[in-house]
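Biologist: Could you take a close look at the aromatic rings in this one for me? I'd like to hear how they pair up and what surrounds them.

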Amino acid sequence: MENKTKFQSLVVDVEEDHESEKTTVVTAPLLTPYKMGKFNLSHRIVLAPLTRERSFDNLPQPHAILYYSQRASKGGLLIAEATGISDTSLGFPHVPGIWTKEQVEAWKPIVDVVHAKGGIFFCQIWHSGRSSKTDFQPNGQAPISSTDKPISPELRSDATELPSFTPPRRLRTEEIPLVVNDFRIAARKAIEAGFDGVEIHGAHGYLIDQFLKDQVNDRKDKYGGSLENRCRFALEVVEAIVNEIGADRVGIRLSPFTEFNDAKDSNPEELGLYMAKSLNKYGILYCHMVEPRMKMAIEVSKTDLSLVPMRKAFKGTVIVAGGYTRDEGNKAVAENHADLIAYGRLFLANPDLPKRFELDAPLNKYNRNTFYTPDPILGYTDYPFLTNTI
């Protein structure tokens, strides 16, 4: 078998009646294999990290075993839902954590079942920062952030019943290394739980993004002001985790163009390009980028902005996300816009999404009303497969 192009088709040489003929077998780019560091992926369809709010008392629950097992496939990459790194990191009800021994033990059977099906599983580690309120904080304290500016309440218009937010407390300079250390410890615990690696959540207006974006970060110390200073916290987190678990197990998610959670930047192109170039120093496995068209991280909007400069600058694997269809994903891979495509809502509603894409089969419609319902079955493990078998 000879690769005629990198993505578009596989050409098989067939000998018949002493005559050489060539039969072209067209293979969808999304279904071609890919080597991501030491991981051999059988396809390029990634489960995006999806907050599901079904981890009661911040403990992953047994019903998550079925949820992730349903979406696991041999050689498929899954990224777990955003997982808190400390008791100050939480911003939503019923989200999982990875900072206690009990949480680590609760994750183990979930990771094991993904591995049993041949999947690769990364844990997205997360601190919500000012996207929180006192109800979720230890001793009812204020959420921490790069700033003391609150999120504008009128911006919560996505109708998902997300909570209102409490004005944050600006982290003191000397406290920031302590938060970096929380990320480091969480990464270590994720590996102890059996995860293949971690994805640092640096997107969507959560704590790291609150340092990156100049419309949020109003600091006067070494973590604010210049582009280099605003990126310092993110890169310190990356460095600490790389030193702890190895660069070949580390990814990061970035959304320089997104304005979700009132996190905007005056020059997102410059911010994204600087981060992409800076990450090369640490040799991390992948960079997971959110498309500019997902301005509010909810629905696709028109834009002329592009991730291509970041794609060209970053030397590792590039995952992109942002309302992709099957055809758009195939096109993005074929045109080398990305190596892998992350699917969220489509993968949620279609646990056998790679198989459906392979067959170009009809897709189940997702039900937004059950995205964050704390039910262990409804809108969670009850989406149907193409057949009755899992």
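Modeller: Quick ground rule before we dig in: rings of Phe, Tyr and Trp (for Trp, the six-membered ring) pair if their centres lie within 6.5 Å, and planes over 60 degrees apart count as edge-to-face. Keep in mind that this is a predicted model. On that basis, the structure holds 16 aromatic pairs. Take Trp126 and Tyr206: their ring centres sit 5.4 Å apart with the planes at 90°, so this pair is edge-to-face. It ties together distant parts of the chain, with Trp126 in strand β9 and Tyr206 in the loop between β12 (197–202) and α4 (207–212), 80 residues apart. Both Trp126 and Tyr206 are buried. Tyr343 and Phe357 are edge-to-face too, because their planes stand at 75°, with centres 5.2 Å apart. Here Tyr343 belongs to strand β16 (residues 340–343) and Phe357 to helix α10 (residues 353–359), 14 residues apart. Tyr343 and Phe357 are both buried.

Then there's a cluster: ring pairs join Tyr67, Tyr68, Trp107, Phe121, Phe195 and Tyr380. Tyr67 and Tyr68 are among the buried residues of α1, a helix spanning residues 63–71 that has seven of its nine residues buried. The buried residues of α1 pack against β6 (45–47), β7 (77–79), α2 (101–116), β9 (120–126) and α9 (345–349).

Note on methods:
Residues numbered from 1 in each chain as written. Predicted model: local features only at pLDDT ≥ 70, side-chain atom pairs only at ≥ 80, totals over all residues. Heavy atoms only, no water. Buried < 20%, exposed > 50% of the residue type's maximum accessible area, 1.4 Å probe, protein only. Helix = DSSP H or I, 4+ residues; strand = E, 2+ residues; numbered from the N terminus. Contact = heavy atoms within 4.5 Å. Phe/Tyr/Trp six-rings, centres within 6.5 Å; stacked < 30°, edge-to-face > 60°.
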